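This report looks at one protein model, taking its sheet, its helix contacts and one of its pockets in turn.

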Amino acid sequence: MGITMTGCLLRRERLRQNLSLEGVAGGVCTAAHLSKIEKGLAQPSPEMVRRLFASLKIDFIQDPALLREPAEALEQYFDAILHNEDTHLLAAYIRENVTLLNNSICHVDYHLFRLDQQEVSQKYGDEVEYLASFYCCMSENQKFFYRYLSAEVQNDYPTRVSHLLEAERIRPGADVFLDPVYELPADETAEEAAQPMPLASNGMIGSYAAWETGYTGAGRRIAIIDTGIDSDHDSFNAEAFRYSLEQTAEKDGKTVEDFALLDAAEIAQLLAMKVFSNGGGASATDYVAAIEDALLLGADVVNASLGSSYAGFTDSGNAYFDQVFDALVGTDTVVTFSAGNSYTWATFTDSETGLLYADDAGQYTAGSPGTYDNALSVASVNDAARTGLAVRFGDALDVVYTETSGYGNDPFVSLDTTGSGTAYDYVPPEGYGVAEDDAGLDVTGKVVLVSRGETSFY
């Protein structure tokens, strides 16, 4: 006969309430008969099921008429998951029938729904662990969704892979895959990420030359797949925009009004496609969906500055992703990705420094999705300028420095007591500038320059 869902529910709830077989079976059936029901060795009548659950203070729903529509909603919900269809209305209806679904034969399907919604049960603890106690009595379809959905919430990579492999074994041909997640740099704060350094960037990427030849982006619709828009930035400030127009007008001998009337053919439209959550991560399905949306919105260019830090593949290995990238062939939309957001091959070699040897070729890794067919990859360039705090020597020489305060020292910037620059005498190095080199010199209130050499930072 096999273990039934009714038997599983009775046993799970009896143990949760710390009740004995005798304590639940009393007045309904013998303890031995209840044990057989829990093990799937006996089939109870509907009336016996009702009375056994009543002993557990549960109003167990068995009426097919009451369960028909909610059960169908759960079935439609799981079908929608597999076909990437919207589930909001179905989810809302399921939540309206929580008690009915939770106290019925639909119990496991309801908790699979909770697992997909990642709603942690305060009563039973972790949903994955709770559902595992019903695995022996699940249908093949329920086992598939248990494995498929469990993989999404596991932090351990081998465990995630194990769940997906088992899901594929249960349902051969099912298109299940690990959804890669792209993270913002861990050492970069949100504030730092929102502070671009455009002083030299236009020259580095050649935008000035493009503008001079007439390629200004006018009349184009450009989708930016990234972290969204910082609406508080000066670029979106009306007064800052007018100030920029005033400066441009003065430079060109015009008035602001000369720039005031711009039609759609003279401006570029930006579409902000936010795929990174405020917490940082963006999954591959997020950015692929954003590409689809950008195509539907008529974007001429789609820019996605994301990519893996390891060597990528020429295809995703996933039918859904490949279908979207193949569709790019039939459009005039240019989709660009970063060739790789970080690292060279030398970073992961046995070299202690992670740097190239003098006679090595500078081989930089290209990461997914920039390596996929039909994706245009944009490689990085070396900095053409350094921006940051600087020390000025004389009237012309500015030396940008890297701030550090991890060696028991105060930050170098603290020497500027006015906030707009403070002048000091400086002492050039004698030798390496160690203490014995400067012996006899008056360095009080002065900046002493040293050559790194063998000088300790302490």
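The text below describes selected parts of the fold.

This is a predicted model, in which local features need pLDDT of at least 70 and side-chain atom pairs count only at pLDDT 80 or more, while totals for chains, interfaces and linings use all residues. Residues are numbered from 1 along each chain as its sequence is written, and side-chain values use heavy atoms, with hydrogens and water left out.

**Sheet**

Helices (H or I, at least four residues) and strands (E, at least two) are DSSP runs numbered from the N terminus. Two strands pair if DSSP finds at least two bridges between them. Axes here are lines fitted to C-alpha atoms, for helices over the stretch in contact, and angles run from 0 to 180 degrees between N-to-C directions.

Strand E2 (residues 221–226) pairs with strand E5 (residues 301–304) in the parallel sense over 4 bridges. Within E5, Val302 stands opposite Ala223.

**Helix contacts**

| Helix pair | Axes come within | Crossing angle |
|---|---|---|
| H5 (residues 64–82) and H8 (residues 107–117) | 10 Å | roughly 35° |
| H1 (residues 5–16) and H3 (residues 31–38) | 7 Å | roughly 120° |

Contact means heavy atoms within 4.5 Å. In H1, Gly7, Leu10, Arg11 and Arg14 meet Leu34, Ile37 and Glu38 of H3. That contact divides into 3 nonpolar, 1 polar and 3 charged residues. Ala, Val, Leu, Ile, Met, Phe, Trp, Tyr, Cys and Pro count as nonpolar, Asp, Glu, Lys and Arg as charged, and the others, Gly among them, as polar.

**Second largest pocket**

A pocket is an open set of points, on a 1 Å grid over the protein atoms alone, where a 1.4 Å probe fits, with protein on both sides within 12 Å along at least five of seven lines; lining residues have an atom within 4 Å of a point. The second largest pocket holds about 1400 Å³ of space. Its lining has 36 residues, and those closest to the centre are Val391, Phe412, Leu415, Val447 and Leu449. Strands E8 (390–393) and E11 (447–448) each supply at least two lining residues, and E8 gives the largest share, 4 residues. By class, the lining has 19 nonpolar, 11 polar and 6 charged residues.

Terms used. Grid points are joined across faces, edges and corners, and a volume is the space filled by probe spheres set on the points.
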